[in-house]
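Please open the model in a viewer and keep the selection tool at hand.

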Amino acid sequence: MSFSARYPSHVGQLVLLGSGAFVRDVRALWAVHESVKLRGWDKKGAEKWVTSGLVETLAEDHLSSLTEAAAAVEADLMTGCLRAMISAQYLEAARSLSVPILVLRGDDDPFVSGDDAAIVTARSTNAKRIDLPQVGHWPHLEAPTECRAAILGFLGQ
């Protein structure tokens with residue numbers, strides 16, 4: 001969202017997948033930020049972060065590849081993302097976007113509530129919201145067929 005707000009000519013459509021704009025427990029997220037800043041970001045931290053949003057257990061190969069990809073992110077990039085979440089930069093960026101936006105989330109997402117998605121959708125001038133039933137924070141992993149169909153439908157394909 002921040003990139004789209006900063007460079008609107010580079011984005012024709014935007015899909016927000018499990019993207020929230022609010023942090024309910026700023027202290028807890030700040031503690032994660034400080035931990036990553038002090039200790040770094042490794043596979044163990046990435047696995048804890050990844051699995052905390054799942055409704056169902058992933059196949060071991062999927063979990064392993066997702067964790068490895070998450071662990072490859074540099075610590076300073078991770079702390080930057082955490083600071084952006086804490087300071088609600090995403091929510092502010094939503095106000096300035098005019099491109100078509102799909103707000104796609106699992107209806108059992110423990111991080112991005114229905115209210116969060118409703119507010120992001122309402123703040124955007126051209127947004128559509130889809131909640132996938134019985135899906136958590138990782139719709140593309142927990143319901144890949146439904147997620148793909150929603151995204152392709154939005155993109156007009």
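A residue counts as buried when its relative accessible area is under 20%, as exposed when it is over 50%, and as partly exposed in between (1.4 Å probe, protein chains only). The model is predicted, so that local features need pLDDT of at least 70 and side-chain atom pairs count only at pLDDT 80 or more, while totals for chains, interfaces and linings use all residues. Residues are numbered from 1 along each chain as its sequence is written, and side-chain values use heavy atoms, with hydrogens and water left out.

**First stop: the salt-bridge network**

Select Asp-131 and Arg-129. These two residues form a salt bridge (a side-chain nitrogen of Lys or Arg within 4 Å of a carboxyl oxygen of Asp or Glu), with the closest N and O atoms 2.6 Å apart. Asp-131 is partly exposed, at 30% relative accessibility, and Arg-129 is partly exposed as well, at 31%.

Strands, like helices, are DSSP runs numbered from the N terminus (E, at least two residues, for strands; H or I, at least four, for helices). Arg-105 is buried, with a relative accessible area of 5%. Through shared partners, the salt bridges join Arg-105, Arg-129 and Asp-131 into one network.

**Second stop: Thr-121**

Move to Thr-121 in helix H7 (residues 114-123). Thr-121 is buried, its relative accessible area being 16%. Apart from neighbours within four places in sequence, Thr-121 is in contact (heavy atoms within 4.5 Å) with Val-103, Ala-127, Lys-128 and Arg-129.

The structure holds three salt bridges. To see another of them, select Lys-43 and Glu-68, whose closest N and O atoms are 3.6 Å apart. Lys-43 is partly exposed at 40% relative accessibility, and Glu-68 is partly exposed at 46%.

Now display helix H2 (residues 26-39) with helix H5 (residues 75-86); their axes come within 9 Å and cross at roughly 165°. That makes H2 roughly antiparallel to H5, a term used for angles over 145 degrees. The axes are lines fitted to C-alpha atoms over the stretch in contact, and angles run from 0 to 180 degrees between N-to-C directions.

Which residues of H2 meet H5? Val-26, Leu-29, Trp-30, Val-32, His-33, Val-36 and Lys-37 do so, and their partners in H5 are Ala-75, Met-78, Thr-79, Leu-82, Arg-83, Met-85 and Ile-86.

**Last stop: Ser-87**

Finally, select Ser-87 in the loop between H5 and helix H6 (89-95). Ser-87 is partly exposed, with a relative accessible area of 41%. Its C-alpha atom is separated by 9.1 Å from that of Val-26, 61 residues apart along the chain.

Conventions:
Parallel < 35°, antiparallel > 145°, perpendicular 65-115°, else oblique.
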